[in-house]
Amino acid sequence: MWGRTLQFLPDKNTREGLLPWVIGVMLFLCTLSLVSALAIGAGLDRWSEGLTSNFSVQIAVQDSTERAAQTDAALRLLRATPGIESATVLADAEILELLSPWLGDMTANTSLPIPTLIEVRLEAEAVVNTEALSERLKATAPGSQLDDHQAWMVQILDLAAVVQSLLGGVVAMVLLSTIAIVIFGCRTGLATHHESIEIMHLMGADDSTISRAFDIRYMSHGLKGGLFGVLLATGTLWLLSSLAERMGQGLITASITDTPHFLWLALLPLLSALITMFTARITVRRALRELM
Amino acid sequence: MITFENVGMRYGMGSEILTDVSFSLERRSFHFLVGPSGAGKTTLLKLLYLAHRPSRGLVNFFGKDLATLEREALPRIRRRIGVVFQDFRLLEHLTAFENVALPLRLQGAKKAQVSDHVEELLCWVGLEDRMHARPATLSGGEKQRVAIARAIINKPDLLVADEPTGNVDAEMSKRLMHLFVALNKEGTTTVVATHDEGLVKSVGAPILRLEKGQITREPGGSPIDPGA
């Protein structure tokens, strides 16, 4: 990638000293945004996967005899439908427990009419046309109501998509800002080392020889900054993950600590090094073309 | 080897600094470039060491027309030209040794070869004790000798020197001129810009006189210094 490198630039340049730190902070923000976007995506995938593998059928009929008859009819239809693994009627106690977050402890007051709830589990990979099934259920048990969670899941998925897009936008903006900072740093470097560059140019150094000296320097800045930013972000994510775990937010913790995400994190310093190196190369070569 | 035909040079929209300059430098020739301050000597030297393209006219380097040469071809030609700048232009963070080694390293010379050549030349110019000193710690004369050593280390086909003896004593000045003449005899075409009439007479080489942007050629006289 570099061939023979003739390093003619000074080892240290105080004006470039802050560059790795700035790149580090940018990579920190980029990593947090990226991991958050990935975590939301992975969490929702897992969550929606759980929800799409089951649905419920509610039989809301006042008369208990009629309700029992419609329940039996619905169960027969469901169990005969291909792709359905099981259809089970939930006990009243289980229904009351499900309702307790909204209506409180109702064990003492069972006079309230409670609908029958059938929990339906689908076979793995099975695809059931819930719309057609709902119509067939209505024909068999008019008091039935199929709930495949679509109504509110679509809204949550839409919201998640918006949040993911925003986070993607943040990642793009941070990366573009990093590139802009590197371009600015490079131009400062070119101005600082203008004399050395001109001498090398007049001695017969071609553009690639001169730009390689910058490539190596800026790649090193990018790598250092990338490592700093990613280490800081990893620490922050670990802290957030621990806090979320203590609070019982399994959806968040499970997604953040997923192994594929950590592999992504390991690649970010390398990505940062490559971005800074190529940005520096392009900037320096463009500037050199202005010389004869 | 190098020819200028009706060359004109102006910076931006300014007036012409060089007007219809025509001359040729034959292989192994030695010329002094003289003229009053502001006559355009520095500009002509810049054209000679390929820092600028002329605004008009034909320039031919080593049989190649500059107007038709691609930018990518210029570094190869520049490597055949050694330049001694009036203000030395050494890289301040490199040692004398590293500065002199740069042209050889640009040509891809082996480390041992670089080391041998650079040490030998620095000894020759009397800097054997200052090889690892940085320019900031060198005197004006020492810097000048480092600059000269850097310009001639790879035995260039063309040597362009701007006031190369301006900062050294008479003895070192004589020694450096001997070096230039010796290089010239080995095949390096040499152009030395100077205000030092004594130096010009001592070598007795032809003179390119630049006045008000125009050049005239004067034949050389007999050298005063028989060694030169």
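Trainee: Which side chains does B:Glu186 or B:Lys155 meet in a salt bridge?

Mentor: The two meet each other: B:Glu186 and B:Lys155 form a salt bridge at 4.0 Å, N to O, where the term stands for a side-chain nitrogen of Lys or Arg within 4 Å of a carboxyl oxygen of Asp or Glu. Keep in mind that this is a predicted model, in which local features need pLDDT of at least 70 and side-chain atom pairs count only at pLDDT 80 or more, while totals for chains, interfaces and linings use all residues. Side-chain values use heavy atoms, with hydrogens and water left out, residues are numbered from 1 along each chain as its sequence is written, and chains are lettered from A and ligands numbered from 1 in the order in which they are written.

Trainee: How is chain B divided?

Mentor: Chain B has domain 1 (1-80 + 156-228) and domain 2 (91-155), with bounds that come from an automatic or database domain assignment. The C-alpha centres of these two domains of chain B lie 23 Å apart. Their contact, meaning heavy atoms within 4.5 Å, takes 18 residues from domain 1 of chain B and 13 residues from domain 2 of chain B.

Trainee: And how much area is buried between domain 1 and domain 2 of chain B?

Mentor: About 1,300 Å², of which carbon and sulfur atoms give 67%; buried area here is the accessible area (1.4 Å probe) that two parts lose on being put together, summed over both. On the domain 1 side of chain B, the residues B:Arg79, B:Pro156 and B:Leu179 supply 36% of the area buried against domain 2, more than any other three residues.

Trainee: How many salt bridges and polar contacts cross between those domains of chain B?

Mentor: The rule finds 1 salt bridge across the interface of domain 1 and domain 2 of chain B. It also finds 4 residue pairs in polar contact there, both residues at pLDDT 80 or more, a polar contact being a pair of N or O atoms within 3.5 Å; within protein, one must be able to donate a hydrogen and the other to accept it, and residues adjacent in sequence count only if both atoms are side-chain atoms. Helix α6 (residues 170-185) of chain B gives the largest share of the domain 1 side, 6 residues, helices (H or I, at least four residues) and strands (E, at least two) being DSSP runs numbered from the N terminus.

Trainee: Switching to the two chains, which residues does B:Arg89 form a salt bridge with?

Mentor: B:Arg89 pairs with A:Glu195, the closest N and O atoms being 3.0 Å apart, and this pair runs from the loop between β6 (81-84) and α3 (96-106) of chain B to helix α6 of chain A. A:Glu198 also forms a salt bridge with B:Arg89, again with the closest N and O atoms 3.0 Å apart. Across the interface of chain A and chain B the rule finds 4 salt bridges.

Trainee: What does the rest of that A to B contact look like?

Mentor: The contact takes 22 residues from chain A and 23 residues from chain B, and about 2,000 Å² is buried between chain A and chain B, with carbon and sulfur atoms giving 62%. In chain A, the residues A:Leu202, A:Met203 and A:Met292 lose the most area to chain B, together 40% of what that side buries. There are 9 residue pairs in polar contact between chain A and chain B, both residues at pLDDT 80 or more. The largest share of the side of chain A that touches chain B, 8 residues, comes from α6(A).

Trainee: How confident is the predictor about chain A and chain B?

Mentor: Going by pLDDT, the predictor's confidence in each residue from 0 to 100, chain A has a mean of 83, and 89% of its residues reach 70 or more. Chain B averages 90, and 96% of the residues score at least 70. The model scores ipTM 0.90 and pTM 0.73.
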